[in-house]
Every structure is written in structure tokens, then in C-alpha cells.
Amino acid sequence: MLKPLQVKSPTEPAALAPGDLPADWPDLWAQILKVRQDDASAPQRQKRLAHSRQQGWTLNGPCSERSANLFALYKPLLDARQSHKDLPDSPPWLVAQLGQSLDGFVATETGDSYYVTGPHSLVHLHRLRALCDAVLVGAGTVAIDNPQLTTRRVPGPNPVRVVLDPDARLDGSSSLFSDRQSSTLWLCDARYAAIASERLASTGCMGSTSEQAGTDVVAVEGLLQNDGPPCQYLPNRVTAALAKRGLRLVFVEGGGVTVSRFFRSNALNRLHLVVAPVLIGQGRRGLQATAHEVMADCPRPPARMLILGDDLLWDLDLRA
């Protein structure tokens, strides 16, 4: 059974200063959020975004180069939401983000990942949370990092938090099960859902009220492919279970094992791979792709680069 590690909480990086972002970005972000919340028709001083069937959401009027580059990074999420609005039966749309070192690690051998990437990348992470219906992490990330998965660094709504724990290894004491900052779903294979429910019941965290968000266990039939370790699950069963709850835009946040599993299963539409100028030497691997014997077989997805402070973000289009 996985229990949250009892480690001293590190000090989070300081919030970005106003000068760290272009002057026109706060207003543009506010209008991006209106699109996200289906409120783009609300009165505005100046409409900065326009939509067409051919181009999707585009910038309307002059914009600084930095803000235009940031908008291009988030445009696929806005277009995916519009597609789901126009075609309610369209499949869920998934974006993943992974921050790793120059030598391809997301944490040290002890699991310490505070902080591989810098403050600009952390703010980007919170923006992705704000633009998606749900944020998903694996059981290992919950046990090691005890994350909040909120949007405390940017304006915007908290997503539904999804903990992927197919064989119910967590003990239910992690803070996101009890802090009620946002609704939380504990996804398990149907064979293990009763165990998760018992653990939540013992902590008094189960269920929601009209005033507060709580935690619900979601039993997924056929989630696990096998009965023993290593745990092998079917990502398409995960997305189907979330779609039934109206969660169609999903952010797979971590960790490296979970993102790699969704990546190798061809379940992702987009991957934001952030590389930080740090060398870990040995530790927990970052993105792990399917091995190929010859370079001609190695996929080269269309990519664009964006500088985030000291980090370099690769925006990979996996559906091009």
C-alpha cells in the first residue's frame, strides 16, 4: 500500500513578477478563459479572439510577439473544446506535460523533483490545468509529491482531479482526497474499487455535498490487463470513464511513467515536453518511447519550440 512520503515540503518558487510577462498577456489570458468557460460573448472592452470554422480560434488585432507565441501554445486546447461543443460525440482530447532534465530524468533516485523546471514552466503547468476539464496523475506521483493540482498560480477554475490507481495501492490519506479544493476522482479497476472506498470511508473524505467538493471512487471495468506487477492498464478505458462524466478535455500531468504509458498507447493528442538546464545523472526516467531499431522508423512529430524562462518547451503535435 502506498502512503504519502513524510518529507519536508520545499518552498515553492516565487510568483512571476509583472515584468516577467508581456503587458498585454493578462487581458489576453482573461479572454482565453472566457472561451474556456463558454463565455466568449460576454461584454468586453476589445475582443482579442475570433473564431471561424476554417481556422478555429485566432487573434483579432495587434498583439505582442511573446503573447502571440503563448496563445499559439494554448490554441489547440481552445479548438478542441470548440470541437466538442460542435460535435458532442467526438472523442476526448488529451494533452500531457512532462518536465525533465537535460539527461532525461524527472526526479532524483530518491524521487525528489522539487524543482526540475523553473517558475515559468510551473505557471504554464497551472495554465494547462485551468484550460482542461480534468487533470490526471498516477498513484506514484500522489504518494511521492502529495500534489494539490490546483490553479493557485493563475486566474482560472480548478479542474477535476483524477488519481489513476488501478489496483488501489494508495491508502487514501493524501491531501487531495480531503482538502476539498476541487472534486477528486479515484480511478480503480472494478475489482479493487471496494478497497479504495473502504479507505476513503475510514478517512471521511468520500462524496460531495452541495457546499463542498469531495472524492468519489470510480470503478472501471477491464481497466487492468493483468493481475500482478507490473501494473498494466488500458488508457482508453480511462478516457472513456472520464468522458461518461463529461470530462472531455484531459490534462495528463504525471508522472513520467503515466505520461509515457499514455504516449506509447497513442492516447495523446498533444505533448508539451519541457527540458530544463539541469543534469541529474541518475534518477527516475522522463519520457520513455517505444524502441526502434533504425532511425527511419523513429517518429518525428511536428514540433514548435517556446522559451519558458530558462527552460525550453517542445510542443509536439501527435495527431498531425
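1. Start with one residue. Leaving aside residues up to four places away in sequence, aspartate 189 touches Pro166, Val220, Gly222, Leu223 and Leu224. Keep in mind that this is a predicted model.

2. Where does aspartate 189 sit? Its place is in strand β7, which covers residues 184–189. Is aspartate 189 buried or exposed? Its relative accessibility is 2%, so aspartate 189 counts as buried; the cut-off for buried is under 20%.

3. Look at the side chain of aspartate 189 next. One of its polar atoms lies 3.1 Å from the backbone nitrogen of leucine 223. Leucine 223 is also among the residues that aspartate 189 touches.

4. Now the sheet. Strands of a sheet pair through backbone hydrogen bonds, either parallel or antiparallel. Here nine strands form an open sheet with mixed pairing. The order is β8-β7-β6-β5-β9-β3-β10-β13-β12. The edge strands are β8 (215–220) and β12 (303–308), and each pairs on one side only. From one strand to the next, the twist averages 25°.

5. Take the β12 end. β12 pairs with strand β13 (residues 311–317) in the antiparallel sense, over six bridges. Which residue of β13 is the bridge partner of alanine 303? It is leucine 316.

6. Helix α2 (residues 65–86) packs on the sheet. It touches β3 (93–101), β9 (249–254), β10 (270–276), β12 and β13. The direction of α2 makes about 125° with that of β12.

7. Helix α6 (residues 235–244) lies across β3, β5 (134–138), β6 (160–164), β7, β8 and β9. α6 runs at about 135° to β7, the strand that holds aspartate 189.

Terms used:
Residues numbered from 1 in each chain as written. Predicted model: local features only at pLDDT ≥ 70, side-chain atom pairs only at ≥ 80, totals over all residues. Heavy atoms only, no water. Helix = DSSP H or I, 4+ residues; strand = E, 2+ residues; numbered from the N terminus. Buried < 20%, exposed > 50% of the residue type's maximum accessible area, 1.4 Å probe, protein only. Polar contact = N/O pair within 3.5 Å; in protein donor to acceptor, adjacent residues only side chain to side chain. Contact = heavy atoms within 4.5 Å. Pairing = 2+ DSSP bridges. Axes fitted to C-alpha atoms, helices over the stretch in contact; angles between N-to-C directions.
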